[in-house]
Amino acid sequence: MFETVLVANRGEIAVRVIRTCQRLGLKAVAVYSEADAGALHVRLADDAILLGPAPAAQSYLDVDRVLEAAKVSGAQAVHPGYGFLAENAAFARRVAGARLVWVGPPPEAIERMGDKIAARNTMAAAGVPVAPGTEEPVTEVEDAVRAAAGVGYPLMVKASAGGGGIGMSVVEDEPSLRAAFETARTRAERFFGSPSILLERYVPRARHVEVQVLGLADGRVVALGERDCSVQRRHQKVAEETPSPGVTPALRTRMLDAAVRAAEAVDYRGAGTVECLVPTMGEGAFYFLEMNTRLQVEHPVTELVTGVDLVEQQLRVAAGEPPTFDPDDPPRASGHAIELRVYAEDPRRFLPGPGTITRWEEPAGEGIRVDAGYAAGDTVTPHYDPLMAKLCAWGADRAEALERLRGAVGGFVVEGPKCNLPFFAELLDHPDFVSGAYDTGLVARMRR
């Protein structure tokens, strides 16, 4: 194992990685922008290096500055967290070129899975189910109209090279496709540097279920269960749970097997997630959506039910070491866990509401876990994603996890910036969520 790890990120994920590094006896080096000079991840790290001004392009996304920080710090490895440079194949290659260990999958796997169309085609060849859609990039609206006639409406329009729900929309007919296509193409070019669009059959009333995979140093791939990520606003997740209340044991087995095949198809190493769409009206059907070639925001719920520290496994794989469990008998889920993403945002319109935290009191108790990137006195700036913390609860079953989570939401006090905790209080008592019979349209229906 290496001795020093540069954590190329900020906020709660930087704190999360730093804590595991320190638990393992590794030196954790933080990087920060001028806006984050006093941030929690900087205070907790063994060393911290300034990257540059507040804008991410001049700090966290500046590859040269990040690599220089690694050199100055004496780090032997770089952990990218999620977001920023985590799924940047060119950065992964630069890290390796600087004779540093990249704590992530091979750059080739990042590239193949980073393009949604290439990923779909790769998965189809590996025998993983995919929804009807375009097999080649679409860049012109007339080509999109012709392709739509073959795929069929309703359609999901999304950037082939993108993620995070940016530019994504659902269209019901040709006029709406024409309007949505231009918007998606413009945003795809702006945010991802590519105008290529993917058209895919939209499945109404579906669940978004993902499988956690881990590619081991010896080339084997194991699956560590699934997570339900169907509670979303603007196609972005806000609550996740495991096991999924909408997945039967038989379907779970098929999904985990398919996820392993998906990762094996790209010679995957480290932690990754194979995301799928599960129609609520279908009997055992599921479709590949995309693969996230990094650690997911919602990884704590998997850790809570398996007892596996996924960050530690990432570090061990990167160091060429075996996992902490028997790959021939991977840990199975014990109990139930739910995660809520606590954002500095308006709880009704979900618009960012940054500000200085004047009061911060975290809940505690049996089965409660809080992964926070902030504390009292810290400022949530408008420069970055407003995620402040992740609130998780584990229980022997879903009912107990829900009950514990309700108490934790009521005991979590955040004053200063706006906060979405009131929304979660509403969600946890909503009949559809309580019953487990929900889908990706739940939040939209709640806000009508």
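This passage describes side-chain contacts in a predicted model. Local features require pLDDT of at least 70 and side-chain atom pairs count only at pLDDT 80 or more, while totals for chains, interfaces and linings use all residues. Residues are numbered from 1 along each chain as its sequence is written, and side-chain values use heavy atoms, with hydrogens and water left out.

Rings of Phe, Tyr and Trp (its six-membered ring) pair if their centres lie within 6.5 Å; planes under 30 degrees apart count as stacked, over 60 as edge-to-face and the rest as tilted. Y60 and Y384 form an edge-to-face pair, at 5.5 Å centre to centre and 80° between the planes. Y60 lies in the loop between β3 (47-52) and α3 (63-73), and Y384 in the loop between β18 (379-380) and β19 (387-395), so the pair ties together parts 324 residues apart in sequence. Here helices (H or I, at least four residues) and strands (E, at least two) are DSSP runs, numbered from the N terminus. Y60 is buried at 1% relative accessibility, and Y384 is buried at 9%. Buried means under 20% relative accessible area, exposed over 50%, and partly exposed in between (1.4 Å probe, protein chains only). Y60 and Y384 also belong to one aromatic cluster with F84.

The rings of F350 and F423 have centres 5.2 Å apart and planes at 90°, so this pair too is edge-to-face. It links distant parts of the chain: F350 is in the loop between β14 (336-343) and β15 (355-356), and F423 is in helix α13 (residues 421-427), 73 residues apart. F350 is buried at 6%. F423 is buried at 1%.

Two arginines sit over aromatic rings. A charge counts as over a ring if NZ of Lys or CZ of Arg is within 6 Å of the ring centre and within 35 degrees of the ring normal. R233 lies over the face of Y343, at 4.7 Å from the ring centre. R398 lies over the face of F433, at 5.0 Å.

Salt bridges number 46 in the whole structure. Each is a side-chain nitrogen of Lys or Arg within 4 Å of a carboxyl oxygen of Asp or Glu. D36 and R10 form one, with the closest N and O atoms 2.6 Å apart. D36 lies in the loop between β2 (27-33) and α2 (40-44), and R10 in the loop between β1 (4-7) and α1 (11-23), so the bridge ties together parts 26 residues apart in sequence. D36 is buried at 3%, as is R10 at 9%.

R43 and D378 meet in a salt bridge of 3.0 Å, N to O. R43 is in helix α2 and D378 in the loop between β17 (368-372) and β18, 335 residues apart. R43 is partly exposed at 44%, whereas D378 is buried at 9%. Salt bridges that share partners also join R16, R23, E303, D309, E312, R369 and D371 into one network.

The structure holds 0 disulfides, a disulfide being a pair of cysteine sulfur atoms within 2.5 Å. The sulfur of C21 is 19 Å from the closest cysteine sulfur, in C392, too far for a bond. For C392, the nearest cysteine sulfur is that of C229, 12 Å away. C21 is buried at 0%, and C392 is buried at 0%.
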